[in-house]
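Please open the model beside this note and follow the points in order.

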Amino acid sequence: MSNKHHADIVLYGGNIVNVLTKEIYTGDIAINGKYILMVGNCEDLIGENTIVVDVRGKYLSPGFIDSHMHFESSMLTVTEFSRLSIPSGTTTLIADPHEIGNALGTVGMKAMADEASYVPNYVRFVVPALTPDCPSLETAGVDVSSKDMEDLLNYKNIIGIGELQGFSNAKHVYNNTPEIITDLLASTTYAKSIGKIVDGNAPELFSNELAAHIVCTGGKCSCHETTTKSECIEKLRQGVYVFMREGSTQKNMGECIKAITEEHLDSRRCILATDDMVAKDLQELGHMNEIIKRTIRAGINPVEAIQMATINPATYFNLEDRGVLAPSKVADIAIINNLNDMDIEAVFIEGELVASNKKLLIDLPKYTYPDSVKNSIKIDQINEKDIGIISDEKEVVARCIKAIPDQNLTECMEVKLKTRDNVVEADTTNDILHIACIERYGRNNNIGKAFVNGFGLKKGAFAESIAHDTHNITVVGTNINDMVVAVNKVIEMGGGIAVVNNGRVLEELRLNVGGLITDELTGSEVSEKIDLLENVVSKDLGGNLHAPFMHLSFLALSTSPKWKITDKGLIDVNNFEVLSPIVN
């Protein structure tokens, strides 16, 4: 102890949010160094050098935990994401570097884990056991497998294996790529043998397929891809920890929570997570406090909602020293003005006041990523012949992906389209646009082509080097020429986002780290830039889809139903096959 008889700090007279007993009562919290010394009446621990903070009328909660998130989706470094999220009460981040892992392999994941050592909040990683998730359906920058697990799982700040997307579509994996099962079992078995966690990924899995997925994870399983009440009920009944996702574009908590509010199931295995959150939402809405607030508004008791972002994830991840307010636990504490609004007044991390009134009070070090994680685009520029869909017919029936707002699931449809000079044209009247995915690592020069509905563009195109999970270049547009210009601008920048109209680049953002994040801008600057880019898509191109860049990125997610686009073509996820964009 820094003082033999007295506490360093006493938070006096607050309303203790006790997530162990699910109650609120008045009390103090005494802090010594990094740890909580006592919770209750702490008057005897107040000495002449003790700092007493009057928190009467305020609520004292454990710091919040985001149990599944990707820094890459925010386009921010670990440092800049922390800068934006700490003032809203988030003190622990469990990140899956799946995206940079697909792009750069172990080099990228280790660089991100290195950066985590420099921030004041608790940041740990669960790494992919397999990239790409569907080797026969897509191309990653680097192939990761069980051969990499010993090296990765023993690296600093890495606590386990992340989402097992490669075994989400269990039936088709068994039938088409059974070697994946052997490799994943080797990875998960090794992880369990050294006490590491293994996350699951089980969208729309029920009965025997869900059971197979649970077995593959080693028994203690999570899923952040649960989208319906019935899914949530079955998974909870089977012992799965359901990470109820509520991010910037994927909002599933409202449906999942009905298992609690309507069916009155036990909520101990219900956990709140964001998965993917953009910088603007972090800055303007908050982070886990915002998700807790939405959960309360969905009908959950405030303490129970806080449990879903504190003790529940701490239990799942075996974080014995955090997630509750009790003696010997790390003094990560959020001081809340009003529980229903989850308005955060101040934040302590390891006993230090680090944020007050939504402002960070401490300096964060500047971390610059090494050159080994930059310059990840290895292809030459493309031309119009590369991405046009050719047909000798005057009119064709085309397969079209139907984007679903605020989901990474899609629907599928067939549409009639006309051709000009043997190239199938988009139909902006009916919101049928071109979409393409260009392999960017120089491994095979694949280009997948199809059509998409749901973006509402009336003109122009935009492209990005963000395409979950292999992160090839995706582009959507009303015409081939603007699509080519947008893609070539992304290639020229070495990764990023480009918005184009009439052959002219209207706005751009360079993402120099793996083509996914920037270490050149602050979180606030990225937020402002994305806001500008989205306004250009909306006002100049006529787009009407919220967070269009994130929505486009998920149209390449080959493990999430129903139709997606990868560098190998239009993917029928449910049937594990590549489809022609034109119906024969």
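1. Start with F81. This residue is buried, because its relative accessible area is 1% (buried means under 20%, exposed over 50%, partly exposed in between, with a 1.4 Å probe and protein chains only). F71 counts as buried too, at 0% relative accessibility.

2. Know what you are looking at. This is a predicted model, in which local features need pLDDT of at least 70, side-chain atom pairs count only at pLDDT 80 or more, and totals for chains, interfaces and linings use all residues. Residues are numbered from 1 along each chain as its sequence is written, and side-chain values use heavy atoms, with hydrogens and water left out.

3. The structure has ten aromatic pairs. Rings of Phe, Tyr and Trp (its six-membered ring) pair if their centres lie within 6.5 Å; planes under 30 degrees apart count as stacked, over 60 as edge-to-face and the rest as tilted. Take F71 and F81: their ring centres are 5.4 Å apart and their planes stand at 90 degrees, so this pair is edge-to-face. The pair links distant parts of the chain, ten residues apart. F71 is in helix 1 (residues 71-74) and F81 in helix 2 (residues 78-85). Helices (H or I, at least four residues) and strands (E, at least two) are DSSP runs, numbered from the N terminus.

4. Now find F243 and F317. Their ring centres are 6.2 Å apart with planes at 50 degrees, so the pair is tilted. F243 is in strand 12 (residues 241-245). F317 is in the loop between helix 15 (311-316) and strand 14 (333-336), 74 residues apart from F243. Are these two residues buried or exposed? Both F243 and F317 are buried. Ring pairs also join them with Y241 and Y316 in a cluster.

5. Check the ring of Y122. The charged end of R124 sits over this ring, 4.0 Å from its centre. The charged end of R322 also sits over the ring of Y122, at 3.8 Å from the centre. The test asks for NZ of Lys or CZ of Arg within 6 Å of the ring centre and within 35 degrees of the ring normal.

6. Three strands form an open sheet in the order 27-28-29, with antiparallel pairing. Two strands pair if DSSP finds at least two bridges between them. Strand 27 (563-566) and strand 29 (577-579) are the edges, each pairing on one side only. Three bridges join strand 28 (residues 569-572) to strand 29. L570 has L579 in strand 29 as its bridge partner.
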